[in-house]
Amino acid sequence: MSKVLFYDIIDLIKWIWAEVTDMKRVLILNGGGAALENIAIRSVLEYFGYIVTMYNIGRPQDYFDVFGGKQNFNYDYLIIGCHGDDGKIIVPILGENVYYPNECRNNIGYEELRGLVKIKDKTVICTGCTTGAGELCKEFNRNNNTFVAPTDYIEANSSLLFIVNLFYHLSKGSNFKDSFARASSIDTETELYALYS
């Protein structure tokens with residue numbers, strides 16, 4: 001049996017198990033340059049008992065496919081594990097001959113996403129620096145989502161610490177606002193995370 005098939009079977013078993021329990025599901029978008037942080041988050045969240053799926057981002061269109069609902073994942077929490085700048089998600093840069101026709105070549109902010117986010121009733125957590133400082137929250141909040149992101153340039157270790165603490169408190173039964181308050185109050189770096197609902 002190939003490794004790929006083995007891991008597909010394991011993922012299928014996890015999803016079936018989640019259907020008959022009340023286990024929460026997390027989808028991590030593994031953006032460029034943030035892989036170690038995302039792998040650490042996945043490992044810890046699985047240890048806490050969450051069902052975690054990681055979707056690797058290879059091109060800008062991958063973000064639009066997930067945000068627009070073209071990729072059909074079942075999840076309660078969406079973690080956009082990425083880098084950010086100027087209030088936007090930094091996208092992969094491709095060779096000009098690799099882009100799809102009309103594929104976004106800009107970093108993704110409110111203007112690029114306006115009206116395109118179809119996900120609803122989810123908790124969206126973006127780890128990219130400054131992604132909580134601009135208007136990105138407006139697009140995600142539009143469909144009754146909760147959006148969490150740092151408002152400035154955050155130190156990567158602090159971002160990881162925030163996510164781990166947030167999900168630790170959630171796994172212990174705390175509601176989201178209380179879990180957020182505890183996770184963001186660790187130090188001046190974790191305080192950069194803002195909650196928009």
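**Close-ups of a sheet and its helices**

**View 1. Start with the open sheet: its 6 strands come in the order E2-E1-E3-E6-E7-E8, with mixed pairing.** Strands are DSSP runs of E with at least two residues, helices are runs of H or I with at least four, and both are numbered from the N terminus. Two strands pair if DSSP finds at least two bridges between them. At the edges sit E2 (51-56) and E8 (193-196), each pairing on one side only. From one strand to the next, the twist averages 15 degrees. This is a predicted model, where local features need pLDDT of at least 70 and side-chain atom pairs count only at pLDDT 80 or more, while totals for chains, interfaces and linings use all residues. Residues are numbered from 1 along each chain as its sequence is written, and side-chain values use heavy atoms, with hydrogens and water left out.

**View 2. Here strand E3 (residues 77-81) and strand E6 (residues 123-126) run parallel, joined by 4 bridges.** Look for Ile79, which stands opposite Ile125 in E6.

**View 3. Helix H6 lies across E1, E3, E6, strand E7 (146-150) and E8.** H6 runs at about 170 degrees to E3; axes are lines fitted to C-alpha atoms, for helices over the stretch in contact, and angles run from 0 to 180 degrees between N-to-C directions.

**View 4. Helix H2 (residues 35-48) packs with helix H6 (residues 156-171) at an angle of about 15 degrees, their axes 10 Å apart.** H2 and H6 are therefore roughly parallel (angles under 35 degrees count as roughly parallel, over 145 as roughly antiparallel, 65 to 115 as roughly perpendicular and the rest as oblique). In contact (heavy atoms within 4.5 Å), residues of H2 including Ile41, Val44 and Phe48 meet residues of H6, among them Leu160, Ile163 and Phe167.

**View 5. Tyr50 and Phe167 form an edge-to-face pair, because their planes stand at 90 degrees, with ring centres 5.2 Å apart.** Rings of Phe, Tyr and Trp (its six-membered ring) pair if their centres lie within 6.5 Å; planes under 30 degrees apart count as stacked, over 60 as edge-to-face and the rest as tilted. Tyr50 is in the loop between H2 and E2, Phe167 is in helix H6, and the two are 117 residues apart. The structure holds 11 aromatic pairs.

**View 6. Helix H7 (residues 176-184) meets H6, with axes coming within 8 Å and crossing at roughly 145 degrees.** On the H6 side, the contact includes Phe162, Leu166 and His169; on the H7 side, Phe176, Phe180 and Arg182 are among the residues involved.
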